[in-house]
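Colleague: I'm new to this structure and would like to learn how to read it. Could you walk me through it?

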Amino acid sequence: MISSLIFSILLLAAGIFFTINVKKIRRNILIGRDVELPRNNGERFKTMMLVAFGQQKMFARPVPALLHLFLYAAFIITQIELIEIVVDGITGSHRVFRPSIHGFYTFIVSFIEILSVLAFIGTIAFLARRNLLKVPRLVKRELNGWPKLDANLILIGELTLICCIFMMNGADEVLYRRNLSHAANLGDGSLGFSISGHIGPLLFGGLSDNGLHLVERIGWWGHILMVLGFLNYLPYSKHLHIVLGFPNTYFSNLHKKGKFATLESVTDVVAPNFDPAYVPKTDPNHHQRFGVKDVQDLTWKNLLDAYTCTECGRCTSACPQNITGKKLSPRKIMMDTRDRLEEVGKNMDANKGTFVDDGKSLFDYISNEELWACNTCNACVQECPVNIDPLAIIMDMRRFLVMEQSQAPNELNLMFSNTENNGAPWQFSPSDRANWSKEI
Amino acid sequence: MTPIIVKTMSEMMAAGETPEILFWVGCSGSFDDRAKKITKAIVRILDHVKIKFAILGTEESCTGDPAKRAGNEFLFQMQAMQNINVMNGYGVKKIVTGCPHCFNTIKNEYPSLGGNYEIVHHTQLVQELIDQGKLKVEGGAFKGKKIVFHDPCYLGRGNDIYEAPREVVQKLDVELSEMKRSRAKGLCCGAGGAQMFKESEPGNKEVNVERAEEALALNPDVIAVGCPFCNTMMTDGVKHFNKEDKTKVLDVAEMIASAIDL
């Protein structure tokens with residue numbers, strides 16, 4: 001009775017706290033400019049099913065993809081078990097679904113247990129890759145401090161969660177055999193789960209009845225507390241991709257990657273020179289900044305990208321400039337965007353919902369040196385397993401530097417003036433353009 | 001070799017003729033001495049298969065690609081609209097180009113500014129000509145040679161064209177080997193994003209050196225490219241390792257033209 005009450009209060013509190021944070025994230029994402037994406041819902045759904053649900057792009061690197069698949073599958077399937085835990089928690093029942101769907105129940109829990117073992121192996125491997133093997137992309141400098149701790153906390157949390165599942169099921173198996181489990185006795189002598197049916201008696205067989213009940217309860221409560229804790233840790237962590245990976249791939253760029261956005265605000269200035277009858281596409285009374293200075297100038301999709309990033313660093317490890325030791329790291333571009341966005345969000349929280357100028361911008365996070373290094377080669381975009389586009393942000397920040405600040409490197413200014421005067425990026429006379437055709 | 005007369009759109013128009021296709025030469029192909037050889041190879045192929053083509057000549061101007069990637073959208077759109085005005089004036093419908101940057105810009109970024117054309121990269125056109133039996137290609141000097149193809153970013157990842165250049169090269173009876181980073185995983189040559197026109201940022205290596213090293217590790221006779229900028233970068237990279245005597249950097253068009261003795 002008391003435990004049902006405590007459980008219900010915890011569940012409610014966790015739900016409310018999570019909802020508040022989700023609303024904040026939603027508000028932060030919608031700080032971004034509106035952008036109309038081509039509708040094409042069928043193709044969007046297909047992309048989401050392939051890339052997010054089907055993990056398509058992960059399999060470009062088969063080993064981590066397989067390990068990740070273990071965690072992903074375990075996570076998805078465990079949600080089924082969670083339904084029972086919640087019902088049991090609220091009503092005080094124990095394994096409430098088992099009597100009615102006996103065989104299927106055994107199958108599902110057994111399946112979860114097998115996936116949990118695989119996920120356990122995956123998690124250990126991931127911890128090793130980060131902390132022992134020091135896979136280059138997982139120990140880059142932008143991960144120093146909080147990002148590294150964040151990643152390790154999540155992995156340790158997952159290990160704890162899996163241990164709790166086996167404590168819960170393992171101890172319950174021994175109790176069931178002793179006819180002491182709170183689960184309804186179906187006269188079958190064993191709960192019959194694939195893993196805990198064997199390791200339960202091995203690990204806990206020597207415990208007293210009271211000890212078993214204690215281990216079972218620690219496992220049960222530990223499991224649900226980890227789940228609720230993880231749920232509420234999500235908004236603070238880099239782990240939102242487990243949810244946002246789906247909308248983010250749904251709203252993927254469906255154009256060819258080589259196609260960069262056309263700025264309509266610029267067209268409105270340029271087009272009348274060529275077509276006097278041109279009708280402006282943007283509101284002339286609302287000056288829109290050319291390019292991006294701060295997160296408010298980015299689109300909501302850019303900001304959704306930032307929240308979706310799980311800092312895996314595949315982008316950075318494929319970046320030609322990063323590979324050759326330059327400062328540019330596409331992952332850092334995404335991390336910086338999110339950090340600045342959260343700073344702006346906190347500013348709004350502190351000022352009754354409106355942003356009060358703090359004298360800062362995205363340029364306090366991302367340096368010109370990083371921006372000018374980019375090859376616009378799309379390797380980062382290609383690599384991202386959840387279709388994040390760091391290049392779009394880099395391009396828009398370059399636009400701000402050039403069109404609002406006139407801060408391009410000198411050599412590029414020279415290229416601009418050559419293009420403007422000679423119709424070529426080099427200093428050649430336009431009248432010599434077809435000279436080659438006389439030499440053939 | 002009989003000289004080939006390359007006509008401009010305005011000359012064709014004055015003579016009351018309409019070309020089948022416009023050859024968009026690009027700045028590199030027009031002015032850069034190395035790239036001009038690629039331009040001439042493309043012209044020889046077009047002439048060989050008797051496609052009626054024309055160039056814009058002095059009416060062609062930079063597509064605006066480097067300006068756009070460097071963040072100067074104003075200059076890009078000025079260039080784009082000027083070129084679109086010229087091409088629409090001539091009623092241009094189909095274009096071939098030897099430069100993936102020009103190709104990408106005209107294909108993807110001109111339509112929203114009023115320029116709608118069917119454009120192909122020269123390797124696509126060559127593949128089409130071979131498939132249609134209009135161009136007969138045999139190995140010639142390249143038979144049995146070891147070739148590595150370097151994917152240009154704006155042809156490959158930018159527009160998902162990976163096979164056309166490879167299929168064309170393979171018609172030369174070569175041994176085509178692949179770098180680990182190829183196709184969608186191809187590593188940039190280091191020129192894109194307007195890097196061609198500036199010094200690189202501080203680091204521990206140049207991108208073209210990294211890429212050339214990867215290609216040279218396969219010990220090829222030829223590094224085949226499909227972009228004049230990649231050509232420059234890879235040529236410099238090969239020189240960096242003093243391997244220019246062993247390994248040539250050639251455009252796919254040059255290989256075809258040379259194989260059929262054009």
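**Strands, helices and domains**

Modeller: Let's start with a strand pair: β1 (residues 21–24) and β3 (residues 94–97) of chain B run parallel and are joined by 3 bridges. Strands pair if DSSP finds at least two bridges between them. Strands (E, at least two residues) and helices (H or I, at least four) are DSSP runs, numbered from the N terminus. This is a predicted model, where local features need pLDDT of at least 70, side-chain atom pairs count only at pLDDT 80 or more, and totals for chains, interfaces and linings use all residues. Residues are numbered from 1 along each chain as its sequence is written, while chains are lettered from A and ligands numbered from 1 in the order in which they are written.

Colleague: Which residue stands opposite B:W24?

Modeller: That is B:T97 in β3(B).

Colleague: What is the strand order of the open sheet?

Modeller: The 4 strands follow β2-β1-β3-β4 in chain B, with parallel pairing. β2 (53–54) and β4 (118–121) of chain B are the edge strands, each pairing on one side only.

Colleague: How is chain B divided into domains?

Modeller: Domain bounds come from an automatic or database domain assignment. Here, domain 1 of chain B covers 9–127 and domain 2 covers 137–259. Their contact takes 28 residues from domain 1 of chain B and 26 residues from domain 2 of chain B; residues are in contact if their C-beta atoms, placed from the backbone, lie within 7 Å.

Colleague: Which element gives the largest share of the domain 1 side?

Modeller: α3(B) does, with 8 residues on the side of domain 1 of chain B that touches domain 2 of chain B.

Definitions and conventions. Two residues are in contact if their C-beta atoms, placed from the backbone, lie within 7 Å.
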